[in-house]
Amino acid sequence: SSGSMCLLLSSPCPRCRRAGQGGRHYRAALCAELKQPLTIEEVARRPVRPHEVRVDVHFCGVNFADILVCRGQYQERPHLPFTPGEYGGLCDCGFKRNGVIGVSGFNGMAEECVTDQETLWQVPEKVSLQEAATLPVSYGTAILALEHRAQTKPGETVLVTAAAGATGLAVIDVATNVLQAKVIAAAGSDHKCQLAVQRGAQASVNYSQGSLKEAVRRLAGSGGVNVAIDMVGGEVFLEALRSLAWEGRMVVLGFAGGSIASVPANLLLLKNISAMGLYWGRYQEQDFPVFSRSLSSALQYLQQGRIWPHVGSVFRLEEVNDAFLHVIQRKSTGKVLLSLK
């Protein structure tokens, strides 16, 4: 799923009541036509049905998947027009004022949204909404990739590609600081490699400057790495696959490089390798307890001070197309957020 959020739960405070009685419109980013810039429109509020809550959105994550959705190149294709994005903020749905994050599909890039209460997770005290807004998608994905799919053990070596993006840095954070694994970070520039090492990777490889496989061999030895987590695809995926050790695990997260490689099955056989996919959003409908646990774990790790999410840049709602361009041009590092306040 490309949608998630960070919000606050509250009993109807005077401000919320005023908002409810007064304005019947709110601003939202709309994708009215695929492959065209988003527009900011005044949208009419819709009524809240039973089991739903109205959310006052504070922050919204900008993910590569959101851009693919708006180009018609993603697995999910909502009807036009739609509002993309994951989000976070405040809502009228509890007995006291609490923060929540949630994952909602498509409606995050707006000043408010209406969502099912079941898609909300409470933010612990002393965790800011901006920090919480970094968790859905990137940390949810990292936790399921490392813990649920690859079953990474302490002391193992993890190779992660696109290492300076939001999900890449989340993988470094969780692998290093929660699972006590070693991380080799692979990225496309020296600046991104430096950031990955600053954020906890033991070593880095700039794969725009030669063979990833050879560089990993120099760093990890002839044995190779135990886990590889790839979101680039193409030749980078194949080199990562060839860098795996005996009984290594490859987790496919996406194809940001634009090309989808075929898996040479003989490589799986020779080293008893497992190659597996992770489409985090699908767990919401296929195995909700696993999905829910990934977000609960992320919130718990954040509260315990075990993870340190990195926000690379924050844009205003009216700058949404600049935010998309920032990601498309590969300028972004860490989590890119829209601030709605």
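What follows is a chat about this predicted model.

Q: What should I know about the model before we start?
A: It's predicted, so to speak: local features need pLDDT of at least 70, side-chain atom pairs count only at pLDDT 80 or more, and totals for chains, interfaces and linings use all residues. Residues are numbered from 1 along each chain as its sequence is written, and side-chain values use heavy atoms, with hydrogens and water left out.

Q: OK, how many helices and strands does the chain have?
A: The chain has 12 helices and 16 strands, where helices (H or I, at least four residues) and strands (E, at least two) are DSSP runs numbered from the N terminus.

Q: And how much of the chain is buried?
A: 56% of the 341 residues, with buried meaning under 20% relative accessible area (1.4 Å probe, protein chains only).

Q: What order do the strands of the six-stranded open sheet come in?
A: The order is β11-β10-β9-β12-β13-β14, with parallel pairing; two strands pair if DSSP finds at least two bridges between them. β11 (203-206) and β14 (274-277) are the edge strands, each pairing on one side only. On average, neighbouring strands are turned by 15 degrees against each other, direction ignored.

Q: Which helix packs on that sheet and touches β9, β10 and β12?
A: Helix α5 (residues 166-178), whose direction makes about 170 degrees with that of β9. Axes here are lines fitted to C-alpha atoms, for helices over the stretch in contact, and angles run from 0 to 180 degrees between N-to-C directions. Helix α8 (residues 234-241) lies across β9, β12 and β13, at about 150 degrees to β13.

Q: How many bridges are there between β9 and β10?
A: Four, in the parallel sense. Leu 159 has Ile 184 of β10 as its bridge partner.

Q: Switching to cores: how many residues does the largest nonpolar one have?
A: The largest has 50 residues, and Val 158, Ile 172, Val 174 and Ile 229 have the most contacts inside it. A nonpolar core is a set of buried Ala, Val, Leu, Ile, Met, Phe, Trp, Tyr and Cys residues joined through side-chain atoms within 4.5 Å.

Q: Which element gives the largest share of that core?
A: α4, with eight residues. Another core of 28 residues lies apart from it, with Cys 31, Val 69, Leu 120 and Leu 340 among them.

Q: How do α4 and α11 pack? What's the angle?
A: Helix α4 (residues 135-149) and helix α11 (residues 288-303) pack at about 105 degrees, with their axes 9 Å apart. That makes α4 and α11 roughly perpendicular, a label that covers angles of 65 to 115 degrees. The α4 side of the contact includes Leu 135, Tyr 139 and Ile 143, and the α11 side includes Val 290, Leu 295 and Leu 299.

Q: Now α2. Is Ile 67 buried or exposed?
A: Ile 67 counts as buried, because its relative accessibility is 2%. Ile 67 lies in helix α2 (residues 64-71), where six of the eight residues are buried.

Q: What is Ile 67 in contact with, leaving aside neighbours within four places in sequence?
A: Phe 324, Val 327 and Ile 328, where contact means heavy atoms within 4.5 Å. Ile 67 and Phe 324 are 257 residues apart in sequence and 6.6 Å apart in space, C-alpha to C-alpha.

Q: And which elements do the buried residues of α2 pack against?
A: They pack against β4 (52-62) and α12 (320-328). Just after α2, Gly 72 takes a positive phi of about 75 degrees.

How values were computed:
Parallel < 35°, antiparallel > 145°, perpendicular 65-115°, else oblique.
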